[in-house]
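Reader: I would like to go through the side-chain contacts in this entry. Could we take them topic by topic?
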Amino acid sequence: MRADLVPDDLWERVAPLLPPAPGRLRVPDRAALAGIMYVLRTGVAWRDVPAETVGCSGVTAWRRLRDWTEAGVWPRLHSALLTELRRTDSLDLDDCAVDGSQVRALKRGDHVGPSPVDRARPGSKHHLIVDRRGTPLAVTLTGGNRHDVTQLLPLLDAVPPIRSLHGRPRRKPRRPYADRGYDFDKYRRLLWKRGIKPLIARRGVAHGSGLGKVRWVVERAFAWLHQFKRLRIRYERRADLHQGLLELACSIICLRRIRTSS
């Protein structure tokens, strides 16, 4: 197995979250995770995973991805890493930024729709909320024809309770920053009711609001996310498997932040 695919610090955090293995002999979980990471990084088809190099066939890696996704491994991993960051004061939850990004979908399935920016070809959209430093807090998947603003509240609800050394877990930002695509007074009112101050650019107003000084981090986070080649185009027919890969990629980004902050 290639050690660079599943470094020790990643495996130490994933292993306790995996469901117990059946009694029969099978490919080790770490090798299966290496197969998943290989596909996530390179974007190759599952059938093209080099078993002799990775230590696991693509079919086995896909089945393990399916099983672990259904067991809820990836959101728990992401939540645990966010908690680690907050406990070392490496997470700023006061100011957050939200945005959406279109990707082409090559197969039909849930959360696929005609993309308004790709000649109505089938597409999906990644919706992301990040902290002030660009750390992914939550990610959701919709069809390519869904408006960004429809995912504003679901994104906020998807942020897990993030624990600190003291006090209650926190999951609500104080000030979300967003571009003109989120400029709807209805959603401003809904945010105020939650005790959240919306900072959303107004349509029809000249550029220069100053919000970009904070909001640019979400664009950088999308660049980090789409460095994982499997996420640049949606190949998975099952939406939950693509969502699982998104959450795994967010976890890897969080782990990188932990390495640099320690």
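Reader: Over which ring does the charged end of R203 sit?
Author: The charged end of R203 sits over the ring of F184, 4.6 Å from its centre; such a placement requires NZ of Lys or CZ of Arg within 6 Å of the ring centre and within 35 degrees of the ring normal. This is a predicted model, in which local features need pLDDT of at least 70 and side-chain atom pairs count only at pLDDT 80 or more, while totals for chains, interfaces and linings use all residues. Residues are numbered from 1 along each chain as its sequence is written, and side-chain values use heavy atoms, with hydrogens and water left out.
Reader: How many aromatic pairs are there?
Author: The search of the whole structure finds 2, a pair being rings of Phe, Tyr and Trp (its six-membered ring) with centres within 6.5 Å, stacked if the planes are under 30 degrees apart, edge-to-face if over 60 and tilted for the rest. W68 and W74 are edge-to-face because their planes stand at 70°, with the centres 6.2 Å apart. F184 and Y187 are also edge-to-face, at 6.5 Å centre to centre and 75° between the planes.
Reader: Is F184 buried, partly exposed or exposed?
Author: F184 is partly exposed, at 28% relative accessibility, whereas Y187 is buried at 15% (buried is under 20% relative accessible area, exposed over 50%, partly exposed in between, with a 1.4 Å probe and protein chains only).
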